[in-house]
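Biologist: I have a model on my screen and I'd like to learn how to read it. Could you walk me through it, feature by feature?

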Amino acid sequence: DPLDGTYNFTLGTPNFTVSIGLLNKDEIIAGVVYQPILDRIYRAEIGKGAFMNDTKLAVSTVSDITAATVAYTCSYQTPAEYANNLFRNLDEKDVKRVLDDWSVAFDFCMLASGKIEAFVNNECELYDFAAGKLIATEAGALVTDFHGGKLKNDKDRIFFTSNGSALHKTILDLLP
């Protein structure tokens, strides 16, 4: 399923992408995300950086949660209570904004572009996050499990990604 945000597309919501990630065993080695409405191509190869069209990407340096935008996504099977608790925790810390827009690959591209500061991925499918995750990490994003530890491999479906600032620990402490 190379279309990320399929339901958005069927509704006519212009937030969807074509997302293709290439894996070698358990490692994401290349990724391309095309946002047709904005005519932007995001791409990355492991160890070679991330780009939007021909512009090199870098994550933001925002470290204050009150100035941070955090995106969230989950699988259809994830209990709604998890998101409700997370959103409440973020709201209590006065996070600037929370996005829950069901376009995983584009959320990662926004992180890689420095437009948002963090992204919580709670069991979303590999085909939706693979390309975007590599693009974000190649732009300088930090990826950990929900406890701040190293992931087993790139296929892990539960992880937290941020710009790598002090914000990472702040948000990890708010995860339910």
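Biologist: Let's start with the rings: which residues form one aromatic cluster here?

Modeller: Tyr72, Tyr82, Phe87 and Phe146 do. Before we go on, this is a predicted model: local features need pLDDT of at least 70, side-chain atom pairs count only at pLDDT 80 or more, and totals for chains, interfaces and linings use all residues. Residues are numbered from 1 along each chain as its sequence is written, and side-chain values use heavy atoms, with hydrogens and water left out.

Biologist: How is a pair of aromatic rings described?

Modeller: By two things, the distance of the centres and the angle of the planes. Rings of Phe, Tyr and Trp (its six-membered ring) pair if their centres lie within 6.5 Å; planes under 30 degrees apart count as stacked, over 60 as edge-to-face and the rest as tilted. Searching the whole structure turns up 9 aromatic pairs. One of them is Tyr72 with Tyr82, stacked at 6.2 Å centre to centre with 20° between the planes. That pair links distant parts of the chain: Tyr72 sits in strand S7 (residues 69–74) and Tyr82 in helix H2 (residues 80–92), 10 residues apart. Helix and strand labels are DSSP runs numbered from the N terminus (helices are H or I, at least four residues; strands are E, at least two).

Biologist: Are Tyr72 and Tyr82 buried or exposed?

Modeller: Buried means under 20% relative accessible area, exposed over 50%, and partly exposed is in between (1.4 Å probe, protein chains only). Tyr72 has 1% relative accessibility, so it counts as buried. Tyr82 comes in at 15%, so Tyr82 counts as buried too. Tyr82 also makes a stacked pair with Phe146, 6.2 Å centre to centre and 20° between the planes. Phe146 lies in the loop between strand S10 (142–144) and strand S11 (158–162), 64 residues apart from Tyr82 in helix H2. Phe146 is buried as well.

Biologist: Let's zoom out. How many helices and strands are there in the protein?

Modeller: You'll find 5 helices and 11 strands. The radius of gyration is 15 Å, close to the 16 Å that the globule rule gives for 176 residues, so the protein is as compact as a globular protein of that length. That radius is taken over C-alpha atoms, and the rule is 2.2 Å times the number of residues to the power 0.38. Along the principal axes, the C-alpha atoms fill a box of roughly 35 × 35 × 30 Å. Buried residues make up 48% of the 176.

Biologist: And what part of the contacts comes from residues 24 or more positions apart?

Modeller: A contact means heavy atoms within 4.5 Å. Among contacts with a separation of 6 or more, 63% join residues 24 or more positions apart.

Biologist: How many residues of helix H3 are buried?

Modeller: For H3 (residues 104–112) it's 9 of the 9, so the helix is largely enclosed by the rest of the structure. Among them are Phe106, Asp107, Cys109 and Met110. After H3 comes Gly114, whose phi is positive, near 80°.

Biologist: What about loops? Where does Val95 lie?

Modeller: Val95 is in the loop between H2 and S8. Its relative accessibility is 12%, so Val95 counts as buried. Not counting residues up to four places away in sequence, Val95 touches Ile65, Thr66, Ala68, Val70 and Leu90. Val95 and Ile171 are 76 residues apart in sequence and 9.7 Å apart in space, C-alpha to C-alpha. Asp94 is in the loop between H2 and strand S8 (97–99), and touches Ile65 and Thr66, again not counting residues up to four places away.
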